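Here is a note for a colleague who is about to go through this model. Please read the points alongside the coordinates.

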Amino acid sequence: MVLFVIFCPIIAAMLIMAGATARKTALVASVSTFAAALFLLFSFDQGQSDFQHVTSLTISPEWHLSFTTGIDGLSLVMILLAATVTLAAVCFTGTVEKYENAFYACLLFISGGAIGAFSSIDLFFFYAFHELALIPTFLLIGIWGSGNRVAAAWKITIYLAIGSFILLLGLILLYQSFPASARSFDIRALKATAELDQIGADAQRHVYLLLLIGFGILISLFPFHTWAPEAYASAPAPAAMLHAGVLKKFGLYGLLRLAIPLLPEGARYWATLLVVLLLGNIIYVGLVTIAQKRLDWMLGYSSVMHMGYILLGIASATILSTTGAIALMFAHGLSIALLFGLAGELRKRTGTLVFDELGGLAKVMPFAGLAFGLGVFAAIGLPGFANFAGEIMIFFGAFKNGWEMNRFHSFQIATVLALWGVVISTVYMLRAYRRTFMGALSERWKEIVDLRLSLRIPIAILVGALLCYGFFPQSFVRIVTPAFRTYLATNKR
Amino acid sequence: MTMITAPDLEIAVLVLGIAILLIEAFATKIDKRVLAFVAMAGLAVVLIASFFVAPSPISQQATGFWSFYTADGLSIFFKKFSLLTTIFVLILMIDYAPVLRSSFPGATPQAGVGEFFALPIFTCVGLMYLVSAIDFVFIFVSLELVTISFYVLVSFTRRNPLTLEAGAKYLVLSALSTAFLVYGIAWIFGVTGQTNLQRIAEVIANPATDHGAAMLGMVLVLVALGFKIAAVPFQIWVPDVYQGAPTPVTAYLSVGSKAAGFVVLLRVLEPFLALRQTQRLIVVVTLLTLIYGNLAALPQANLKRLLAYSSIAHAGYLLIGVACFDVSAIGFYLVAYLLMTLLSFAVLIIVAQQTGEQIDDFDGLAKRSPFLAFAMVIGMVSLAGVPFTAGFLGKFFIFYAALAQHQTMLVVIGVLTVGCGFYYYLKVIRAMYWQSSAKVEKIPVNGLSRLAISTLIIATIWLGVYPQPILDALKR
C-alpha cells in the first residue's frame, strides 16, 4: 500500500507525459492517493513504535543499500498531509494555457517525490526522492510563474541544489561516522547503533552542523530564507501550495527523523545556535512580513516565519514539543496551502495582489472570504484549529525544555519571544484579511464571481481536517508519540 | 571451448578497420552508410566476445609481450567501454553524414564518408591498447595511435574555417604534449632505468633513488596527460577544438579520449603515490580544474562550447577521484559521463542540423520534438547531478571517497561548483521549455537514433537507481 501511495502520482505523471488526458488522470491519481493514505491511517497500528507495512528490495549489498519503504506515526502524518495538499493543488489547477500535460506531470512528480521521501526508510532514497522535486519546481515557476519568475526560478533552484548537496555531504559523513561494521543506509539499523552510543561527540557535532545547514536551507531557516518568499510569490498557486505546504516540511521531517535520534550530542551542542536562528525566523521575518505590500509576498514570508515555531519544537526535544512540531507541520501545511490556493484564485480574477488595489472582495466572493478568513484564523493559531494544538504543545514543551533544565535558560527566553511572534502574525494576517476582503469594493471588481463548486470541495477538505485535528488533537498525538518515545530514548541518559 | 584472450579483441578490431577501408576502396557503388552498419555489427561482436575474456591480474614476472600489456579487470572493463563508445559514436556519425557533403563541394555525394566511418575503428583500437598498457613505451605508442586518428577526424570538414582552426590547434598542441610525455619518460627512465610501471614502482620505493629527478619526470608526464583529460592549466585547446570539430568527433574526444586518459593517469600515478608531493599536486590541479571549468561554462551561449567547458568541469570531479585514488568511483563516473554526454551530443547533432548549435536554437524544442527535449532534459539533469540519474551516483561516489579521506577543500569547492553546474545545464532546459520560437515545424528523428537515444535515457536512469552491475564489473 505504501508503494502504491508513492508510485501512483509518479506513474500518473509519466502517463500524462506520454499523452494521457492531463486533468482527468491527475484527478484520478490524486483522489486514489488520498484514499490510499486514508486507508493507511485506518489500518495503522497505533500501539506500535516500529515501522509498519515495510517492503524492501536490495540494491547494493556491499553498501547496505536497499529500497526500503514503510511508515511509522511520523511518516504517516506527513503522507496524509502530502496526499491532502496534492488533491487540493490538483483541484486548484483548472485549465492551464500552455503545456497543460507538463504542468500536471510536474505537480504529480513533486507530490510523488515528497511522499517517497516521507516513507523511505533508506537514507539514500530518502534523499533522492526529495530531489525529484527540484527540476519540476524550476519548470513550474519558470514556465507558468508570474512577476519576476525568471529570477525566482533560478534563485530557488540553485539555492536548493547547493543546500541539498550540503545535505548530501552531511548524510555521507553521517554514514561514515558509524563504525565500519555498522554502516548501513537503513535508518532503523543506524538508530539501533546510535543507541549504543557509537558515534563520537566530535563527529556528531560536525555532522549535525552540516545537516542543520543542509536541511536549514530547505526549510528556509533564517538567514537562508531569502529564496522562499520570492519563489512562492512568483510560483503558480498549485506549485506554491505543494512546495510551501509539503516539500518544505521535508527538512523538518529530516531533522526529526535523523538529527534528533542519531545525533543527540550534536543537537545539544548546537541548540543555542539553532534557537538564535529560529528567533530570527520568528521575530525578524515576522516584522518583515508586516511590511509587505502584496498578498503573495506576505504569505511567502509568513510561511518562512512559521518555520520558526516548528524548529523551536524540534530544538527543545521533549516528547510534547516534538509532537507539537509534527502537529504544526501538518496544520501549517494545510493552512498555507489553503491561503496560497485562494490567493491564486484572487490573482486569476483580479490580476493583482497588491493590497492597495484590493478591498471589499468579500461582497462579491463571500465563500472565498469565509474560507480565507478561516485560513487566516488557522494560521494565527486560534483555538479550534490544528495550528493552535501544535503551537500550544510546542510552547509548553519548549518552556519545559528537554535538554538541560538548570543551565542557560535559552529555551524559556525563546518561548517568551516566540509568543510575541503570535502577536506579530495576528497583526499581518488580520491586516491582510481586512485589506483584501473588507472595506469598500472598487468599481473594477464588481463583476467578479465566487469560487465554483469544484474548488469548494478541496477547501472543505482542508478546513475540515484543520478543525478535526484542532478539536481532537488526541487522535493525532496517539499516532505520533509511540515513535517519539523511542526516538528520544537516546537523549535520556 | 577455447577461451578468447584479451589481445585477440584488439586484433579483431584492427582487422575490422582494415576490412572497412578495403571495402571502401573497392566497392565504390555501395551506399557508404552500409560501412557504418558493418563496423557497428563488427564492434558489437567484439563487445560480446569481450564478456568471455577472463581477466588476469598483473604478474610480477611477466616477460615479453605481457610486460607491456595487461588484461586485468580494469583494462577489460575499459575495453568494453571503448567499444561501446565507438558504436554510439558511429550511430551519431550516420546522423551527421549529410553535413560532410557541404565540406566536399563538387565531389560525389558520398565522398569522404567511408573514411569518416573507418577512422573511429582505429581510434578504438588505440583506446583498447591504451587501457591495457603498463609500459611507458607501449603507452606512448597507443596514445599516438589514438591521437593521430583524431588529427584526421577533428579536421575532417576542413572547408569550414572553424574546423580548420580546430584541426590546427589540436595538431600543434597535441604534438607539444607528446613532446612533454617523451621528455618525462626520458627523465623517469634516466632515474630508474626502467619503462615498465611495476619495476619503476619498485625502484622508486627504494630510498636511495633520486626522487627529485623522478618527480620532474612524473610532472612532465602529468602535463601530457593533463592535456588529454583537459585538466587546467592544459585546457586552453578544449573549447575551440570541441566547437570546431565535427560533432560526433567532439563526443568521441570528450568521452573516449578522456576515459583512456584517466586510466593511464591511474596506472602512471600508482608508482609515484609513495611520494607525498604527488597528491598535493593533484589536489591543486583538481581545484583549478573545478573552478575554471565551471565558472567559464557559465556565460557560454553555444551549446557545443558549453559542453566543452562542462567536459573540463567533469574532468575536475574525476580528478577528485584520482586524488583519492578511488578506482571504482572513477570508473563509475566515467560510465555515467559516457551515457549522459553521448545523450546530449546525440540530441545536439539532430537539432543542430535543423536550427543551429546555439542555446537559443533550442528555443521551443519541447513543442517541436517532445522526445528530443525530454532526452536533453535527462542528459542535462544527469550532467548536473540530480538523483535517480547516473550522474548523481557518480558524484555521490566521488564525494564519498573524498570525505572518507578528509579532503575537505576538494569537497567544499566541489559542492560550490555543482551549484554553478545547475545554472548552466538548466539554461538549456529553460530554452527548450520556457522560450518560444518562431519555428514550429516538427524535427524528424530516424529509427536508429530514436533507438540509441532511448537506450541512453533508460541506461542513465537505470544506473541512477541500480549501480550494482557496474560496481561489480569494476571490482573484478
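The points below take up the interface, then a glycine in a loop, then aromatic pairs and salt bridges.

1. On the basis of the note: this is a predicted model, in which local features need pLDDT of at least 70 and side-chain atom pairs count only at pLDDT 80 or more, while totals for chains, interfaces and linings use all residues. Residues are numbered from 1 along each chain as its sequence is written, chains are lettered from A in the order in which they are written, and side-chain values use heavy atoms, with hydrogens and water left out.

2. On the extent of the interface: 40 residues of chain A are in contact with 37 residues of chain B, contact meaning heavy atoms within 4.5 Å. The two chains bury about 3500 Å² between them, and 82% of that is on carbon and sulfur atoms; buried area is the accessible area (1.4 Å probe) that two parts lose on being put together, summed over both. Of the area that chain A buries against chain B, 19% is supplied by A:Tyr99, A:Trp154 and A:Phe165, more than by any other three residues.

3. On the make-up of that interface: the rule finds 0 salt bridges across it, a salt bridge being a side-chain nitrogen of Lys or Arg within 4 Å of a carboxyl oxygen of Asp or Glu. On the side of chain A that touches chain B, the elements giving two or more residues are β1 (52-60), α5 (123-131), α6 (134-144) and α7 (149-177) of chain A, where helices (H or I, at least four residues) and strands (E, at least two) are DSSP runs numbered from the N terminus. The largest share, 16 residues, comes from α7(A).

4. On A:Gly384: this residue is found in the loop between α17 (366-380) and α18 (386-400) of chain A, and at 12% relative accessibility A:Gly384 counts as buried, a term that means under 20% relative accessible area, with exposed over 50% and partly exposed in between (1.4 Å probe, protein chains only). Leaving aside residues up to four places away in sequence, A:Gly384 touches A:Leu466, A:Leu467, A:Gly470 and A:Phe471. The C-alpha atoms of A:Gly384 and A:Cys468 are separated by 8.5 Å, although the two residues are 84 residues apart along the chain.

5. B:Phe332 and B:Phe397 form an edge-to-face pair, 5.2 Å centre to centre with 85° between the planes. Because B:Phe332 lies in helix α13 (residues 327-354) and B:Phe397 in helix α16 (residues 390-404) of chain B, the pair ties together parts that are 65 residues apart in sequence. B:Phe332 is buried at 0% relative accessibility, and B:Phe397 is buried at 5%.

6. A:Arg257 and A:Asp72 meet in one of 2.8 Å, N to O, which links A:Arg257 in helix α12 (residues 249-262) with A:Asp72 in the loop between β2 (65-71) and α3 (73-93) of chain A, 185 residues apart; A:Arg257 and A:Asp72 are both buried. A:Arg188 forms another with A:Asp186, with the closest N and O atoms 3.0 Å apart; here A:Arg188 is partly exposed at 34% relative accessibility, whereas A:Asp186 is buried at 14%.

Conventions
Phe/Tyr/Trp six-rings, centres within 6.5 Å; stacked < 30°, edge-to-face > 60°.
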